[in-house]
Amino acid sequence: MRKHDWGLIVAGILLVLCAFFFVVAPGLTLVTITAIAGAAFLVSGIFDIINYVRFHKVMNLSGWAIAYAVLDIVIGLMFLIHPLAFAGVIPWVIGAFFIIFGAFEVVGSFRIRKTGVPMWGWMLFSGIVSVLCGITFFVAPASFSIFLSVFILMRGVSLVFYGWNANKGMLA
């Protein structure tokens with residue numbers, strides 16, 4: 001019997017829609033992008049905590065996974081509560097976050113590879129793209145909304161992929 005993790009799939013689809021919105025409406029102000037990014041971080045952190053609780057023993061997840069989820073929630077709340085204060089620095093804050101997230105995902109891909117789970121290559125690719133996006137925010141902060149779209153699209157597609165293959169990875 002093949003079951004899918006519909007929570008991950010729905011979260012992924014919502015992130016893909018958010019990325020599409022950023023691409024088709026580039027005139028959004030940084031304040032609006034800050035608030036939308038805050039909501040995305042908050043939702044991502046909540047789903048990461050739920051999945052940590054559900055799968056930490058089966059997938060041998062470390063405490064870093066829960067720390068990352070809490071960081072998502074804290075950043076999300078800061079952006080939602082004070083979008084004006086963070087609008088000017090959001091490219092650098094998000095850039096640092098993407099570099100950390102990407103490094104976490106690259107390391108995680110090699111840990112998952114050792115267990116024989118077939119999705120490690122996608123995780124590695126996603127982590128590399130995240131690091132490159134983060135570096136670009138520091139070098140060219142004006143490219144923020146385009147690269148934010150790429151990152152959110154990658155994260156959304158990854159969540160859909162992981163949700164669709166949730167039990168496949170655990171049965172391998």
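The model is predicted, so local features require pLDDT of at least 70 and side-chain atom pairs count only at pLDDT 80 or more, whereas totals for chains, interfaces and linings use all residues. Residues are numbered from 1 along each chain as its sequence is written, and side-chain values use heavy atoms, with hydrogens and water left out.

**Helices H3 and H5**

Helices here are DSSP runs (H or I, at least four residues), numbered from the N terminus. The axes of H3 and H5 come within 12 Å and cross at roughly 165°. Axes are lines fitted to C-alpha atoms over the stretch in contact, and angles run from 0 to 180 degrees between N-to-C directions. H3 and H5 are therefore roughly antiparallel, a term for angles over 145 degrees. Their crossing is left-handed, that is, the near helix is turned anticlockwise from the far one by less than a right angle.

Next, display the side chains in contact (heavy atoms within 4.5 Å). H3 contributes Trp64, Ala65, Tyr68, Leu71, Asp72, Ile75 and Phe79, and H5 contributes Ile90, Val93, Ile94, Phe97, Phe101 and Phe104. By class, this contact has twelve nonpolar residues, no polar residues and one charged residue. Ala, Val, Leu, Ile, Met, Phe, Trp, Tyr, Cys and Pro count as nonpolar, Asp, Glu, Lys and Arg as charged, and the others, Gly among them, as polar.

Centre the view on Ile94 to find Phe41, Phe79, Phe137 and Phe144 in contact with Ile94, not counting residues up to four places away in sequence.

**Helices H2 and H7**

Move to residues 30–55 (H2) and 144–164 (H7), which pack at an angle of about 20° with their axes 12 Å apart. That makes H2 roughly parallel to H7, the term for angles under 35 degrees. This crossing, too, is left-handed. Leu30, Ile33, Ser44 and Asp48 of H2 meet Phe144, Ser145, Leu148 and Arg155 of H7. These residues divide into four nonpolar, two polar and two charged.

Within H2, select Thr34. Thr34 is buried at 0% relative accessibility, where buried means under 20% relative accessible area, exposed over 50% and partly exposed in between (1.4 Å probe, protein chains only). Thr34 touches Phe79, Pro83, Phe86, Ala87 and Ile90, leaving aside residues up to four places away in sequence.

Ser130, in helix H6, is also buried, with a relative accessible area of 1%.

Finish at Pro141, in the loop between helix H6 (120–139) and H7. Pro141 is partly exposed, at 27% relative accessible area. Beyond residues up to four places away in sequence, Pro141 touches Pro91, Trp92 and Thr136. A distance drawn from the C-alpha atom of Pro141 to that of Gly163, 22 residues apart along the chain, is 32 Å.

Methods
Helix = DSSP H or I, 4+ residues; strand = E, 2+ residues; numbered from the N terminus. Parallel < 35°, antiparallel > 145°, perpendicular 65-115°, else oblique.
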